[in-house]
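Biologist: Could we go through this model together? I would like to begin with one residue and then turn to the chain as a whole.
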Amino acid sequence: MSIKKRMPGAVFILLTAFVTMLICTKSSPLYPLNDWVDANTYLTIGSGMLRGKVPYRDLYEQKGPLLYMLHAAAAFISDSSFWGVFLIEMAACALFLTETKLLMGLCGIKGRLWVLPLIAMAVYSSEAFCHGDSAEELCLPLTLGAYIIGYKAAEGIAGVNSRRAFVLGLLAGAVIWVKLTFIGVFAAALAAILVDCRRKHEDIIRCGALIVLGAFAASVPVLLYFLINNALDDLFAVYFYDNLFRYGGEDRGLLHNIADGWNFSRIFMTVPFCIICAGLLLMPFLKGRRGGVYYTAAVLLMFGTVFCGHGSYQYYPLAMAVFVPQGVCLILNAAQKLLRDRGAAVPKYAGAFLCAAALAADGLLSYRLSRNVYLMKYKKSDLPQYSFAEMIDGGTLLNYGFIDGGFYLAAGEVPEYRYFCRNNMSVPEMTAAQEHYVSSHMPEYIVTRSTEKTPERIFDGYTLIATQGLSYYNKYFYYFLFRLNENSDR
């Protein structure tokens with residue numbers, strides 16, 4: 001297909017991504033701030049990287065280095081807002097929808113662009129898409145790409161398996177350096193490629209080597225960055241050891257974690273979860289044994305790697321949205337079969353109308369369904385982040401006792417302290433370090449929060465100068481700003 005013929009579809013996908021992200025993510029310019037603590041942590045570290053700080057060594061957090069590199073790019077676009085993050089989220093959404101269109105073509109569904117806004121609405125307005133800018137969201141194009149590679153191999157679609165193996169390795173390498181738990185779909189795709197190699201009498205060892213080579217190629221920029229900065233030990237100590245053994249809440253066992261994942265998926269991603277389950281029922285009947293086995297294996301393996309580790313968070317099920325496009329394709333395949341049997345057809349001229357109607361529905365229903373839109377009603381001046389920033393006015397700041405609340409971003413400050421906030425890690429040295437910063441009177445300002453109207457503690461040598469409350473999703477917090485007394489020793 002020529003570029004000229006592809007252009008309308010590409011423009012429509014980009015427009016769908018823009019409309020969806022404009023409403024659903026708090027990184028959108030319609031919001032005063034993305035107040036999600038994780039998103040602020042990523043952007044704080046990204047901003048720090050532009051000013052010579054190295055993740056893990058200088059700024060402690062346990063997510064993947066590629067995620068921080070993406071946010072360094074976002075901070076390069078704008079280090080005082082989430083504009084750069086919004087553009088990255090929009091690009092990720094557009095790639096996800098482009099791959100969805102490709103999968104629809106492989107499943108015999110062509111000329112149905114109007115489906116894409118409805119898929120976007122179902123995924124990105126779900127409660128699992130809380131706040132925006134999660135690793136789960138940004139990795140959807142990578143995991144869907146891996147699924148499509150495996151689907152081609154499982155269905156015996158013409159193609160070179162060695163090339164597929166290398167690309168799969170590239171995608172796997174990228175995902176590994178973002179978040180380790182998304183690897184389940186790659187295991188299924190790898191198995192599909194190796195089975196197809198055996199069926200076609202191709203060299204299995206060569207394909208396996210190319211997957212490793214692809215993963216290594218994706219890892220080179222990350223490893224070089226930390227090697228040049230003499231921080232490889234910090235990378236492996238924090239991202240692998242701490243992340244695997246010291247992250248998260250209490251682990252109550254595999255069965256409890258899986259049950260947690262099931263409940264979180266059906267509660268916080270209800271419509272996409274139903275679509276995935278419908279796909280599991282329809283796949284064996286519409287695509288045969290190979291397709292049924294591959295889709296089922298991919299879903300189960302991904303579910304296992306996402307949820308088996310420890311208790312879940314609300315945004316975890318979003319990783320499973322990678323299977324929504326396949327579920328939608330199967331539902332449409334079933335509908336096509338029924339309509340064909342009855343001689344029904346949709347007029348070709350209705351395509352433009354359906355696309356416009358679907359895009360409008362995406363915007364309107366996303367606004368109606370997304371739980372993020374409550375924050376649109378606030379202005380920057382209403383938020384404690386910006387109120388406190390005016391009082392801080394260039395002084396050194398410590399975000400004490402909770403995950404980065406966006407106060408560094410609002411104040412235009414890159415933290416001076418390795419443990420610049422408290423995160424979900426069982427790391428005693430983190431608490432000890434923050435106590436040392438405070439007792440030594442190192443920061444000029446301290447910001448902390450509580451669910452009560454009074455702070456949980458008063459810091460010796462500091463004076464409480466401001467208090468302000470704000471809703472944070474389904475919670476309400478009071479934020480407190482302390483200033484170092486002039487006569488305090490430092």
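Biologist: Which residues does D38 touch, not counting those up to four places away in sequence?
Modeller: In this predicted model, D38 touches K63, Y315 and I403.

Biologist: And where is the place of D38?
Modeller: D38 sits in helix 2, which covers residues 37-50.

Biologist: Is D38 buried or exposed?
Modeller: D38 counts as buried, because its relative accessibility is 7% and the cut-off for buried is under 20%.

Biologist: What about C274: which helix does it lie in?
Modeller: C274 lies in helix 13, residues 270-307.

Biologist: How far is C274 from G108, going by C-alpha atoms?
Modeller: The C-alpha atoms of C274 and G108 are separated by 22 Å, and the two residues are 166 residues apart along the chain.

Biologist: Changing topic, which residues have the most contacts inside the largest nonpolar core?
Modeller: They are Y124, Y147, M302, M320 and F323, in a core of 159 residues. In soluble globular proteins, nonpolar side chains tend to be buried together.

Biologist: Which residues is M320 in contact with, leaving aside its neighbours within four places in sequence?
Modeller: M320 is in contact with M269, I276, V299, M302, F303 and F307. One of these, M302, is also on the list of core residues with the most contacts.

Biologist: Now the whole chain, please. How many helices and strands are there?
Modeller: The chain has 18 helices and 4 strands.

Biologist: What share of the residues counts as buried?
Modeller: Of the 490 residues, 54% count as buried. The accessible surface comes to about 21400 Å², and 63% of that belongs to carbon and sulfur atoms.

Biologist: Lastly, how many positive and negative side chains are there?
Modeller: There are 42 positive and 37 negative side chains, and the centres of the two sets lie 16 Å apart.

Note on methods:
Residues numbered from 1 in each chain as written. Predicted model: local features only at pLDDT ≥ 70, side-chain atom pairs only at ≥ 80, totals over all residues. Heavy atoms only, no water. Helix = DSSP H or I, 4+ residues; strand = E, 2+ residues; numbered from the N terminus. Buried < 20%, exposed > 50% of the residue type's maximum accessible area, 1.4 Å probe, protein only. Areas by Shrake-Rupley, 256 points an atom, 1.4 Å probe, with all protein chains shown as cover. Lys, Arg positive; Asp, Glu negative; His and termini not counted. Charge placed at Lys NZ, Arg CZ, Asp CG, Glu CD. Core = buried A, V, L, I, M, F, W, Y, C linked by side-chain atoms within 4.5 Å. Contact = heavy atoms within 4.5 Å.
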